[in-house]
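I opened a new notebook page for this chain.

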Amino acid sequence: MVEKLILFVCVKNSARSQMAEAFFNRFNDDPRFRAMSAGTEPADEIDPFARMVMEEIGISLDGQYSKLYTEEMADKAYLVITMGCLDKCPYAPPEKTWDWGLDDPYGKPIGKYREVRDEIRRRVLGLIDDLKTGKSREEIIGRKGLFKIE
């Protein structure tokens, strides 16, 4: 069975996309799918507040690290989900890219990180449900691609 990659992308790959990767890989039990995250300008380390708010709910980001988003990753991915940075994304295949339009919590109070974390969890769980029920990529992101979630 070929594994399908769900790729979460943000600029620094230090908070939003890391949380999405961790949630997906923690809650997804379908071996056909796995998640990875990457950034267009990867940071040197994962944001300490992102680590903290994930640990608050019992999910560790240990073992995860910031990676550079490449065209090869985009080509291999089943879905590319940008966190609200579509305008800074050099590789966004329209047939498989979905922008979640999430605020970047960097530099904001810890409460903003929690708010973004909870929204990411909600969306990731919805995505997992859609994949489990057999929805196609087109049904998940919208036929036009580059669909922005509201």
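I started with contacts (heavy atoms within 4.5 Å). Among those between residues at least 6 apart in sequence, 71% join residues at least 24 apart.

I noted the ground rules next. This is a predicted model, where local features need pLDDT of at least 70, side-chain atom pairs count only at pLDDT 80 or more, and totals for chains, interfaces and linings use all residues. Numbering runs from 1 along each chain as its sequence is written, and side-chain values use heavy atoms, with hydrogens and water left out.

**Fold.** I looked up the secondary structure and found five helices and five strands. These are DSSP runs numbered from the N terminus: helices are H or I with at least four residues, strands are E with at least two. I read the order along the sequence as β-α-β-α-α-β-β-α-α-β.

**Dimensions.** The C-alpha trace spans about 35 × 30 × 30 Å along its principal axes.

**Burial.** I found 49% of the 150 residues buried, meaning under 20% relative accessible area with a 1.4 Å probe, protein chains only.

**Cores.** Which residues touch the most other members of the largest nonpolar core? I listed Ile6, Phe8, Phe24, Val124 and Leu127, out of 35 residues. Such a core is a set of buried Ala, Val, Leu, Ile, Met, Phe, Trp, Tyr and Cys residues joined through side-chain atoms within 4.5 Å. Elements that each supply at least two residues include strand 1 (4–10), helix 1 (16–27), strand 2 (33–39) and helix 4 (110–132). Helix 4 gives the most, with seven residues. I then followed Val124: leaving aside neighbours within four places in sequence, Val124 is in contact with Phe8, Ala20, Phe23, Phe24 and Trp100.

**Loop residue.** I ended at Asn13, in the loop between strand 1 and helix 1. Is Asn13 buried or exposed? Asn13 counts as buried because its relative accessibility is 0%. Its phi is near 50 degrees, a positive value in a residue other than glycine. Most residues other than glycine have a negative phi.

Note on methods:
Buried < 20%, exposed > 50% of the residue type's maximum accessible area, 1.4 Å probe, protein only.
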